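Please read it with the structure open beside you.

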Amino acid sequence: MLNKRIPVAMALAFGLMASIACSDDEAPTGPTAGTLSVTLTTPNMDDGAILFEVTGPDIVSVSVTVPEHYTHVGVDGSTLTIVVVGDIESGLLVGFDVSDTRAVDSYSATVTQVADRSNELRGSLTGYDLTVE
Amino acid sequence: MSRRAALAIALMLAVGAVMGLAQALGPGDPTTVFASGFTNPCRMAFDASGDLFVADLGVGQIYRVTPDGTRSLFNDDIADPRGVTFDAFGNLLVTTRTDTAVYKISSDGQATKFFDVFGASGIAIGPDGSIWVAAVDSLHHFDAMGRYLETFDVGSGGAAAFGIQFSPAGELHMSSFASIHKLVDGAPVPIATGQPVQMRGFTFDVTGNFYWAYRSLDPDTVSRVKLYSRAGIVLQDSFVTQVQEPCAGRFARDATGATTDRMFIAQLDGEIREANPEGFPFAGWPVVGLELDQISEIDAADRIVGEPNDLDDNQAHFIDVIGNNDGSYDIGDFRAYLVETGVISPSTAAAR
């Protein structure tokens, strides 16, 4: 199981390092470690919990991007199962550290369950989307 | 048995013989007074911090008694309290016959009407946190939130007049004047029958043996607490004899909530006595089958994300009941659990 609560500052530092790496004039010649983010698009305004999977190679750790959210991660091979509980809105859900950010296309994220803030499970996941970038 | 206890028993026997009152002392003797001054303290429950709560029947008062025996009034809003137990959330549930209701008293002593049951008496919390209420010749079953589930006719098994308890095997047992039955597939099955009338409250130890209070109305027979096997066989006819008209026994909990080998015995003369703990071979069995605080947050979270976990089916069912109650454990239920345990704040947007 991966650490569920990495400080936001650390996550931002990872992002800064990644952006510095990208601003270099020379193209990187090898793997570039960094943080990828999972962004949610939701059709609803009252989501209270979301369960989703992230699949891809060599995920090192998961970072919390909204401190008020409760986040817990399970690992099965190259698949992370992540639950985030709180007042969920469209936007950044979590970040995860990888050994090579250039392989971003190797990663995918899929919504499994969503509950509203009255704890009821959504009957349909139409309109929900996760983006890895 | 300690040397001191053995000496005390020997001394009592000697004194009793001299006075012509000799009686067989049991392993649970000698007893000592723990608290007194009640009218009828036969319904008792321990909270998770080790305090004893006593419903004084008839006078409408519920007392808290700390481990050192100090008592204070907890609530006097409920007329004719009949049965008490703590629910999975730490509320004291109280049955009453006067207005045919079950009340819920929060930790600060505030009582609210929970649900209606006619003629309610004994009350117990099951392994899944659900609530069982004995009433006249029926057992009524409610979920942990007080929603009605089902009713069983137990008339042929007695009226469950003196308490209902779950055994370590998770089977609901009920005591009437002369018998104990357990509920199997919705029907009462005899465990110990043909016992003297005036058998009253009972409680289990961790092995499933049970201690049953016998109030003798015969001047030639000693009131006592008898020990039975889980199959209903008398193991010790006089386990505790230094009691006067006992009506119930409860194993105490310590400050961590663990059930101990200290047994407190309520008497119809208004005293609560403590038996000799050194005479008990095993600790008591918890009378509350499930408590929210006992559920591990990590286990509840791991079950959601598919990690190995120790959340059992009763706990998962309970979390579903306090969540969306749809019959399966999902993230809506897990969210409800986090709110209920204070891990996250309830959303202002929540409809409930």
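1. Between which two strands of chain A does A:Asp58 lie? A:Asp58 sits in the loop between strand S2 (47–55) and strand S3 (59–64) of chain A. Look at its backbone. A:Asp58 is not a glycine, yet its phi is positive, about 55°. Bear in mind that this is a predicted model.

2. Is A:Asp58 buried or partly exposed? Count the neighbours. A:Asp58 has 13 other C-beta atoms within 10 Å, so it is partly exposed. A residue needs 20 or more to be buried.

3. Now compare A:Asn119. A:Asn119 belongs to the loop between strand S7 (108–116) and strand S8 (129–132) of chain A. A:Asn119 counts as buried because it has 25 C-beta neighbours inside 10 Å.

4. Step back to chain A as a whole. Chain A has one helix and eight strands. Along the sequence the pattern reads α-β-β-β-β-β-β-β-β. Of its 133 residues, 37% count as buried. Consider the contacts in chain A with a separation of 6 or more: 75% of them join residues 24 or more positions apart.

5. Next, the two chains together. In chain B, 24 residues are in contact with 23 residues of chain A. Two elements of chain B give two or more residues to this side: helix H2 (297–305) and H4. The largest share, seven residues, comes from H4(B). By class, the side of chain B that touches chain A has 12 nonpolar, five polar and seven charged residues.

6. Chain B is assigned two domains, domain 1 (25–279) and domain 2 (295–340). Their centres, taken over C-alpha atoms, are 30 Å apart. The contact between them uses seven residues from domain 1 of chain B and five residues from domain 2 of chain B. On the domain 1 side, four residues are nonpolar, one is polar and two are charged.

7. Why is helix H3 of chain B described as largely enclosed? Seven of the 10 residues of H3(B) are buried, so the rest of the structure largely encloses this helix. Among the buried residues are B:Phe318, B:Ile319, B:Val321 and B:Ile322. The buried residues of H3(B) pack against H2 and H4 of chain B.

8. Check how H3(B) meets H4(B). Helix H3 (residues 313–322) and helix H4 (residues 331–340) of chain B pack at about 85°, and their axes are 8 Å apart. The two helices are therefore roughly perpendicular. H3(B) contributes B:Ile319, B:Asp320 and B:Ile322, while H4(B) contributes B:Asp333, B:Phe334, B:Ala336, B:Tyr337 and B:Glu340. That makes five nonpolar, no polar and three charged residues.

9. Strand S13 (residues 148–153) of chain B is another story. Strand S12 (residues 138–142) of chain B pairs with S13(B) in the antiparallel sense, over five bridges. B:His141 stands opposite B:Glu150 of S13(B). The hairpin has five residues between the strands, and there B:Gly146 takes a positive phi near 90°.

10. The peptide bond from B:Asp29 to B:Pro30 is cis, with omega near -5°. B:Pro30 is in the loop between helix H1 (3–19) and strand S1 (32–35) of chain B.

Note on methods: Residues numbered from 1 in each chain as written. Chains lettered and ligands numbered in written order. Predicted model: local features only at pLDDT ≥ 70, side-chain atom pairs only at ≥ 80, totals over all residues. Axes fitted to C-alpha atoms, helices over the stretch in contact; angles between N-to-C directions. Helix = DSSP H or I, 4+ residues; strand = E, 2+ residues; numbered from the N terminus. Parallel < 35°, antiparallel > 145°, perpendicular 65-115°, else oblique. Contact = placed C-beta atoms within 7 Å. Nonpolar A, V, L, I, M, F, W, Y, C, P; charged D, E, K, R; others polar. Pairing = 2+ DSSP bridges. Domains from an automatic or database assignment. Buried ≥ 20, exposed ≤ 12 C-beta atoms within 10 Å, placed from the backbone.
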